[in-house]
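Colleague: I am new to reading structures. Could you take me through some features, with the general idea before the case?

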Protein chains: 2
Amino acid sequence: MKKSPLQKARAAYQPKLPIVLTGAVKVVEGKPTQSVADQEKIQQLFPNTYGLPELTFEKNTTPTAGKPINVGVILSGGQAPGGHNVICGLFDGIKKIHRDSRLFGFLMGPGGLVDHKYVELTASIIDEYRNTGGFDIIGSGRTKLETKEQFDSGLVILKELGIKALVIIGGDDSNTNAAVLAEYYKSINAGVQVIGCPKTIDGDLKNECIETSFGFDTATKVYSEVIGNIQRDCNSAKKYWHFIKLMGRSASHIALECALQTQPNVCIISEEVEAKNLTLDQVVDSIAQTVVARANDGKNFGIVLIPEGLIEFIPAIKKLIKELNNVIALNEKEIQGLATEELEKFILSHLSEENAATIATLPATVARQLMLDRDPHGNVQVSLIETEKLLSEMVGKRLAQLAEQGVFKGKFSALHHFFGYEGRCADPSNFDADYCYALGFNAACLINAGVTGYMSSIRNLVKPSVQWLAGGIPITMMMNIEHRNGADKPVIQKALVRLDGAPFKYFAAHRDEWALNTCYVYPGPIQYFGPAEICDQPSRTLALEHQTL
Amino acid sequence: MKKSPLQKARAAYQPKLPIVLTGAVKVVEGKPTQSVADQEKIQQLFPNTYGLPELTFEKNTTPTAGKPINVGVILSGGQAPGGHNVICGLFDGIKKIHRDSRLFGFLMGPGGLVDHKYVELTASIIDEYRNTGGFDIIGSGRTKLETKEQFDSGLVILKELGIKALVIIGGDDSNTNAAVLAEYYKSINAGVQVIGCPKTIDGDLKNECIETSFGFDTATKVYSEVIGNIQRDCNSAKKYWHFIKLMGRSASHIALECALQTQPNVCIISEEVEAKNLTLDQVVDSIAQTVVARANDGKNFGIVLIPEGLIEFIPAIKKLIKELNNVIALNEKEIQGLATEELEKFILSHLSEENAATIATLPATVARQLMLDRDPHGNVQVSLIETEKLLSEMVGKRLAQLAEQGVFKGKFSALHHFFGYEGRCADPSNFDADYCYALGFNAACLINAGVTGYMSSIRNLVKPSVQWLAGGIPITMMMNIEHRNGADKPVIQKALVRLDGAPFKYFAAHRDEWALNTCYVYPGPIQYFGPAEICDQPSRTLALEHQTL
């Protein structure tokens with residue numbers, strides 16, 4: 001494998017482990033825990049793993065000798081920077097317990113466990129992946145571990161390999177499934193512990209006990225780098241409006257963090273659009289107003305950040321999509337074989353007045369896409385909609401009206417970008433490299449403590465990494481019951497952007513100034529070798545949430 | 001202006017000046033020069049500035065005292081990383097000649113000279129922009145300095161400000177115009193020297209005397225960073241083909257350099273497509289073959305790099321575009337007011353058999369775009385074509401045929417990216433920061449030497465920057481006569497990718513291996529503070545051209 005000079009240099013980086021994890025640890029048990037909501041139902045579903053205590057690790061002055069242990073590890077879902085370091089930390093952690101411990105990686109996600117596809121991760125493999133981005137060490141996948149058949153099939157290979165603990169690195173859904181698996185294995189006395197690690201660039205897996213998911217820091221720094229570069233271009237050419245869509249369907253943390261880092265003219269936060277019950281027209285209007293105000297000041301350029309999930313947060317469009325899905329599901333036979341135009345007519349004639357009015361506000365191409373493009377389950381494919389182009393097209397039309405009225409006298413020329421894949425597999429920042437290594441190493445400590453159904457927890461993250469705290473959180477503690485796909489399910493609560501949270505409040509307090517003036521900040525590329533104020537800073541979201549800004 | 005921590009740290013970076021420029025310099029004259037072709041014609045057009053000698057600067061042990069000089073500077077055309085440092089180097093250079101020297105920046109490109117819009121660049125302004133990306137210090141623009149009226153209007157303000165020398169920072173066209181302006185001012189004894197500086201991320205302004213244009217190094221490093229990140233994602237998820245278009249319409253240097261840095265599965269080089277007289281179908285076929293070969297090896301993923309200008313290099317499409325433009329120009333009256341479908345019919349019926357056959361091979365949307373979308377001059381808008389989507393769509397169709405024939409048994413799912421604006425205004429790499437500063441400082445030395453019609457030249461660029469050589473090249477030396485827009489014009493020869501050059505030959509020797517295997521290299525983000533092998537390397541194109549790899 002040919003390596004870039006930076007790859008070679010980063011291989012030698014030694015992540016900074018929290019001091020509490022540098023020697024032998026002892027487990028300090030907190031009080032029994034409760035789920036965040038629906039306590040009774042969650043307890044019924046998790047009789048063996050509900051109510052466990054929070055765990056904290058402290059230095060142990062009288063350690064006992066460890067025994068070799070075989071551990072399995074799975075990468076689940078979308079890539080996030082630092083996943084390799086979780087595995088490296090886990091490897092080093094179990095090797096520290098006993099040098100004969102072994103680590104097995106299941107290939108291409110949870111499916112590897114079910115299908116018995118795995119590789120033993122030896123020191124020579126691990127050393128190739130230290131501090132690197134990507135999930136390519138064992139691959140990842142989106143198979144959901146949900147059924148008893150899957151659990152039982154997995155147990156066969158776990159037994160065969162003598163694996164006593166399984167670490168699942170994933171987002172909220174994967175950790176929910178980890179909890180279900182932990183409960184099941186406990187209930188049948190399978191003798192396999194299950195530990196989760198909080199991964200997702202989207203930043204929506206966090207709560208009082210998990211300060212942030214890994215990958216968010218690096219991904220938002222990469223996006224902010226290129227947004228900053230585009231801002232500098234924008235402010236040099238002074239003739240384009242750049243509409244930049246950012247990955248993250250179910251929450252706007254990425255867009256908000258990037259806005260805090262780069263100070264664009266406009267940043268839409270989906271959670272605010274939903275809370276204020278805004279229509280798409282109102283969102284478009286507010287952007288158009290900013291374009292007009294800047295044009296009046298001689299500035300025919302600007303930057304608009306858009307979260308990928310925006311469309312699904314707009315209440316009117318959410319209703320429309322729901323009815324579209326219903327109309328199609330209820331009339332499967334009638335619409336089969338209809339030509340495009342007939343199908344469109346059929347659907348339009350079956351929509352409620354309100355939803356027909358909503359669809360009439362959309363550009364024809366988008367309306368057609370919503371009506372005609374279906375995923376394999378027959379559902380509307382919202383993710384195919386190029387929201388950045390949709391918005392700029394609608395803003396352009398609105399500005400044309402305003403120009404006719406003599407209100408808009410400027411020029412409007414739009415360019416479009418979408419950033420997602422650019423950041424999911426970047427080399428982890430020092431923060432994510434350290435955080436992930438600690439999460440993995442800490443998972444080994446949880447395994448050594450003999451517990452199951454816990455998520456690896458590293459806290460105090462706004463402090464230098466040596467001061468971080470380590471422990472474990474019962475996954476059931478983060479759960480509530482939600483109605484998904486027609487059934488009540490226990491799930492980890494998704495963390496949306498809180499409009500009363502410090503990051504949003506900081507943004508809201510400054511956005512008017514950023515809109516009219518040009519206050520762009522240019523973060524530049526992630527640095528690994530410079531002074532700490534450049535290389536070792538956590539995200540601004542984290543800093544604001546913990547009031548260190 | 002709020003600044004990121006990296007912005008603050010980079011402000012303190014002191015570019016490494018070539019040793020020859022660190023003290024007083026003396027001018028060493030070479031032999032009289034000739035233009036690269038059409039010597040007689042060029043000499044006729046440039047009677048006062050043709051045949052000048054190459055200049056080299058050496059240390060001067062017996063310097064004389066300098067006099068204050070007022071200098072003007074213009075940023076022309078598209079942004080390129082390092083432009084600010086050219087201006088900073090120029091400022092420091094003329095201040096070193098005499099502390100009372102003054103620098104004036106004309107605003108928003110050459111138009112600022114014509115329209116008398118300028119700002120004096122004082123030390124406090126200059127210090128805000130050291131080592132930063134962008135052209136926002138004075139803005140840039142695409143007005144072409146070509147007419148006597150423009151030259152005379154410019155002279156009025158130059159005289160008013162007492163400016164004795166004008167530095168034009170631009171690409172091949174802007175430097176051509178600089179030479180014309182130098183000739184004109186010399187011919188009327190205006191007393192204003194004109195000096196050019198070689199700028200363009202495209203890398204197509206280079207020759208025996210100019211090793212590279214500035215900005216190419218940084219821009220390709222930014223693109224390679226995100227391409228590398230996408231490759232890592234691609235190799236982790238193992239389910240997508242990423243089609244990545246890269247800026248650069250008139251040459252494929254950017255795509256080639258990025259390929260050398262990242263080792264993708266496919267990289268199309270427009271110059272090769274033209275030289276081999278390939279059709280679009282043949283290009284599509286070759287990509288499809290690679291997809292099939294990888295699928296046979298169980299790899300349903302890959303990376304394809306595409307230069308922005310590809311379409312215009314394909315001989316068949318070039319012919320088609322030419323005829324389309326002709327048909328429209330010759331039938332202006334007939335087609336006025338025609339509805340879309342009638343217009344399409346009209347155009348199709350007026351195409352030659354050969355070109356009608358070519359247009360029939362294109363996807364309907366692209367064919368329609370070629371026929372219907374016009375720029376303000378009535379020409380086909382090739383730049384609007386999303387070449388990356390065009391190619392992946394055609395590859396998809398070809399694969400569907402191959403699947404029916406039982407040849408292709410894999411899956412093909414494509415994602416698309418276009419990188420351009422992400423790199424044009426990035427903070428300059430150490431290489432570009434040093435190179436640009438030296439170009440500007442050296443321009444001050446050329447001004448002090450009293451010459452005009454020269455381009456600032458810094459050579460020996462694969463060596464550490466202290467060993468670089470400095471001097472000046474008569475711009476006429478790089479010129480030939482080309483037929484553009486219906487007239488013979490003296491222009492600087494554009495440097496295309498040479499198929500017999502070391503960079504292409506290295507690529508060609510390795511691409512089969514890169515296609516079938518997965519040999520991705522992940523360059524990571526530009527680093528400023530680490531070891532020299534990470535922070536101070538020139539582009540691979542430059543290294544290969546000068547045989548240091």
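Colleague: How is the meeting of helix α15 and helix α17 of chain A read, starting with the angle at which they cross?

Modeller: Helices are DSSP runs of H or I with at least four residues, strands are runs of E with at least two, and both are numbered from the N terminus. An axis is a line fitted to C-alpha atoms, for helices over the stretch in contact, and angles run from 0 to 180 degrees between N-to-C directions. In this predicted model, local features need pLDDT of at least 70 and side-chain atom pairs count only at pLDDT 80 or more, while totals for chains, interfaces and linings use all residues; side-chain values use heavy atoms, without hydrogens and water. Residues are numbered from 1 along each chain as its sequence is written, and chains are lettered from A and ligands numbered from 1 in the order in which they are written. Here the axes of α15 (residues 340-350) and α17 (residues 364-372) of chain A come within 10 Å and cross at roughly 85°. α15(A) and α17(A) are therefore roughly perpendicular to each other (65 to 115 degrees; under 35 is roughly parallel, over 145 roughly antiparallel, the rest oblique).

Colleague: Which residues make the contact of α15(A) with α17(A)?

Modeller: Contact means heavy atoms within 4.5 Å. A:Thr340, A:Leu343, A:Glu344, A:Ile347 and A:Leu348 of α15(A) meet A:Arg368, A:Met371 and A:Leu372 of α17(A). By class there are 5 nonpolar, 1 polar and 2 charged residues (Ala, Val, Leu, Ile, Met, Phe, Trp, Tyr, Cys and Pro are nonpolar, Asp, Glu, Lys and Arg charged, the others, Gly among them, polar).

Colleague: What is the handedness of the crossing of α3(A) and α20(A)?

Modeller: A crossing is left-handed if the near helix is turned anticlockwise from the far one by less than a right angle, and right-handed if clockwise. The axes of α3 (residues 83-97) and α20 (residues 430-448) of chain A come within 7 Å and cross at roughly 40°. The two helices α3(A) and α20(A) are therefore oblique, and their crossing is right-handed. Their contact includes A:Val86 and A:Leu90 of α3(A) and A:Phe441 of α20(A), with 12 nonpolar, 5 polar and 2 charged residues in the contact.

Colleague: How much area is buried between chain A and chain B?

Modeller: Buried area is the accessible area (1.4 Å probe) that two parts lose on being put together, summed over both. For chains A and B this is about 4600 Å², with 54% from carbon and sulfur atoms. A:Lys2, A:Arg232 and A:Tyr421 supply 16% of the area that chain A buries against chain B, more than any other three residues. There are 6 salt bridges between the chains, and A:Arg232 forms a salt bridge with B:Asp136, with the closest N and O atoms 3.1 Å apart.

How values were computed
A salt bridge is a side-chain nitrogen of Lys or Arg within 4 Å of a carboxyl oxygen of Asp or Glu.
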